[in-house]
Amino acid sequence: MNVKKFFLILTLFALQSANAQLVSRETYLKEFEKRASFVTSIYDTAQSSGYYQAAVRYAHGKDIATADKMVIELLRDPRGDMFWMIPAIGTYLQGKDRMSPEARAAMRNAWKTYAPYRGDTENHWCMYHASLFLAAEQWPNLPGSEWYNGKSSEENLRDAKEYLIHWMNITTTIGQGEFDSPDYFPEYAMPMILLSQFAKDPEMKTRGAMMADYIFADFAVEHLEGQYIGGYSRIYQPAVYKPLLSGASAFAYLYFGTGEPTNSGWIVLPALSNYRLPEIIYSIALDRSKTYVHQERKRVRNVIRFGAEKNPPVYKYSYITKNYGIGSLQGGILQPIQQHTWGVRYTYGRPYTTIFGLHPYWSALEVGMFFPEEVKTLIADVVASKGTYNNPDKWTGGSPYERTFQHKNALIVLYDITPGTTTEHIDGFFPRNLEERIVEPSGWIACKAGDVYIGWYPLQEYEWKEESDASINTLNDIGRPQLERVKETGNWRLRSYKPQNGYVIEVRSKDEIGSFAQFQSALNTHTPTAKLQPGAVSLQYVTLSGDKMEFAFPEKRTLNGSAIDLSKTKLFEGPFINAEVGSEKMTMTYKNKKLVLDFKAVKISE
Amino acid sequence: MAAITKLVLVAALVLLAGMPSAAFQQEHQEKDQGKNYYAVVFLNRGSLTGGTQRNVGLFKRPLGDTIWTNIYGRNLLSFGLGIWEGKSSRRHYMAVGNGLHQSVDGTKSWRILTDWHTEEILSVAPDPIDSAVIYVSTPFGVFKSIDEGRHWEKKMSGMKKWFVKKVVIDVNNRQKLFAVAEEDVYRSTDSGEHWEPLHAGLTDVQSFAQDPAFPQHLLTGGEDNGIRLSLDGGGTWQAARGVPKASFYAIAISPDGHTAYAGGFKTGLWTSTDDGVSWKLLWQNPDIEAISTIYVHKNDSSHLMIGTSGQGIYESLDAGKTWRSAGLQGCQVRQIELYP
């Protein structure tokens, strides 16, 4: 790294602190430009070959010959399906007026001869159709023989547009399927940003911008200093325990000015884009002056079999303060493989800014619900690309034997695990950088992370296991080297082998409860009463705030004597973002500002 | 020395007995002139969507050759094959994760016929007479086109669940269809307009075959449930004898109807010579995780191929007595056909 870039990073860190405060639109835009320049400046001089390196050169009008050479070379052997389509069309759109006829011809030829797969998940389909739409607009009136799929430009345009509108419709009526994914956020943001910038069709241009706003707003309302709060549909290791490693955090850096400066490739095309976040969205992302509860409804990814409903609802509850957030999904299998049902994330300490628990479950039933192959062979197929899936020590995944009940900053998690299940234990992640991890005489485990205190009350006996993070040359879930090459130890795993099980979580900040000692005292006077018999797991608990929570596995939740009906959960409900189920409309409010995304009318209004 | 000579002689006799005669092979080849073996590959273990090239899709092995070559869709996770043959033209079909692919020029070029509405295409069944009529099965039901794939309509009337692994046209009556659905085998007698469950007695149906010589004879395999058979066209069903309550993913019946084969997850290859009533283990290879498809040569019932879940293709020329690994190692092979 040269001296200039070193000072640039220092400046950006300083700006990042400034950005944690609310700033004027003018200042925000200036700071955004600096961050965007920081990202792109790394790419326009990079000698390694890549689409982003070429795209930035084209956009900056710099070293076009090198960009052309890269593009021609890369297009000799396209690969990566929709992960190729997005950077390829993004590069073309940035460079078509500057690239050489040879590079332009190579790009056109690639869309004729290389057949990218459409994929099998929502993010694949989103990227595939958005990039195909943009490509079909760029090369209109071509016959099917000029396209990899044998369809004419008009057919591809129509098909892609129909899918994208369908996806927007379903997302804004019953929720996103691959929802709130810290690792898959970029796969939605990037195609929508490209549509907003480059679509010629005015409707799709507006829809692209609206949908970019929509998913950014969805993130913003659960954002805390670069981190996504709450339960997620999908997250990989290590981002599940090192939150700032996720792709969403790179976007948080660029658009919210939080987290850490990054040169993530995911944000190169967005950094070149003319899409700018509406003021209200980054205000929602950054203003943590008031604590709030935010609830959402999402949907389960398409259930192809072993279910009674194609897209059952997902209910999400988050409690967010300036120091921490705790969020949860209701439990059960809501997404295959990489679900994160609940977690606490806080601002103290990096990189391990989280505590969470899970039942590390896997089964042929789970994967068979979502993938069409024969279930017995599916596990091996899944493990080939998601290496931790059948690992009993994994840190991601949902379970049919897990349910949650959250009220504000208190959370109950219960388990009723059938004997013979793939794993018969539950795990909890306690990071190494906690200042305190004390087992109280009452049974509470009291943890201190700066000004955030986390209490964990285990319902059954357990043991502690010291965790290593990543050994030398360890490959991560997607077969790539872990970012850390040095073995790190010190994280702690709470493991309990009792199948009827559970725990209570309480989180408070210094602002809310005072000293850590006061938190400990409060915990010690609040212990739950549980019944833990097979088929009859239940718990009663009065929270530190005095609310009486009663929870019987799997779905009976009572708060202060009133039954909780999760089916009434709205698409978005909270102080900042609201949307009714089926409405195709999101309303954002912040102080005296309002922004409405109306997908029925394809209109943004303030 | 004499003992060694005797041993070599016995070995030679065994080998000769295990191989089809040269004359038969020649006849076999003559009948199949102009044809190639095709195999569709769903995945190569270790691949990842968005990652490196998968080396899946459509593979071809010319007659008399031993090498499989990828000829299309090395990136396409593929489930099945189909063909329509007219007097002067033919259409090849591939059931692929991103749609139904059609070639009208002998597999040289392809076009996707379906649009975003149909997700993975799990099988294809072109009407044997009318090229305009095509059926596909998907995780969300059976779809039918009556205009060569330009438009598609979902055909699910009478079905309780939506996952349909395979759609099969009756060997004698093209209005009659069978659907291998999640919880039962269904039958339609009006070209897919309405479906009725056959109550085959399985809860998770995995495979189905109709006897080409005796169409009333039906076989079906289930997850962890062995094989069941019907000798009256699906009116009544019984459990097959001799097979374990294992998962049978593939069933095939020889063209003459004399021999049935079945295999699945760690089952080995089983065979029956009494209409599927009783079965015996024909061959087991511990290296094979699962048998996903079985091919029986139409003119030579002793020529068998099996596609596996990740160990490629195995081939036997002696009705399953001896086998050799026949390529595509690492691949999950979903269907093998001999097509012009």
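Two strands count as paired here if DSSP finds at least two bridges between them, and strands (E, at least two residues) and helices (H or I, at least four) are DSSP runs, numbered from the N terminus. By that rule, chain A of this predicted model has an open, antiparallel sheet of five strands in the order β17-β18-β19-β20-β21. Its edges are β17 (529-533) and β21 (562-563) of chain A, each pairing on one side only. Five bridges hold β17(A) antiparallel to β18 (residues 536-542) of chain A, and Gln533(A) sits opposite Ala536(A) in β18(A).

Residues are numbered from 1 along each chain as its sequence is written, with chains lettered from A and ligands numbered from 1 in the order in which they are written. As the model is a prediction, local features need pLDDT of at least 70 and side-chain atom pairs count only at pLDDT 80 or more, while totals for chains, interfaces and linings use all residues.

Another open sheet in chain A has four strands, ordered β23-β24-β25-β26 with antiparallel pairing. Here β23 (577-578) and β26 (603-605) of chain A are the edge strands, each with pairing on one side only. Strand β25 (residues 593-598) of chain A runs antiparallel to β26(A), with three bridges between them; Asp598(A) faces Lys603(A) in β26(A). Helix α13 (residues 279-286) of chain A packs on this sheet, touching β24 (585-590) and β25 of chain A, and its direction makes about 65° with that of β24(A). Such angles run from 0 to 180 degrees between N-to-C directions, with axes fitted to C-alpha atoms, for helices over the stretch in contact; contact itself takes C-beta atoms, placed from the backbone, within 7 Å.

There is helix-helix packing in chain A too: α9 (residues 185-198) and α11 (residues 247-256) of chain A meet at about 45°, with axes 7 Å apart. That makes α9(A) oblique to α11(A), the label for whatever is left once under 35 degrees is called roughly parallel, over 145 roughly antiparallel and 65 to 115 roughly perpendicular. Phe185(A), Pro186(A) and Ala189(A) of α9(A) make the contact with Gly247(A), Ala248(A) and Phe251(A) of α11(A).

Over in chain B, strand β20 (residues 248-253) is mostly covered, with six of its six residues buried (20 or more other C-beta atoms within 10 Å of a residue's own, all placed from the backbone). Five bridges link β20(B) to the antiparallel β21 (residues 260-264) of chain B, where Ala262(B) is the bridge partner of Ile251(B). Their hairpin has six residues between the strands, and Gly257(B) takes a positive phi near 80°. As for the chain interface, 35 residues of chain B contact 33 residues of chain A.

Key: Contact = placed C-beta atoms within 7 Å. Buried ≥ 20, exposed ≤ 12 C-beta atoms within 10 Å, placed from the backbone.
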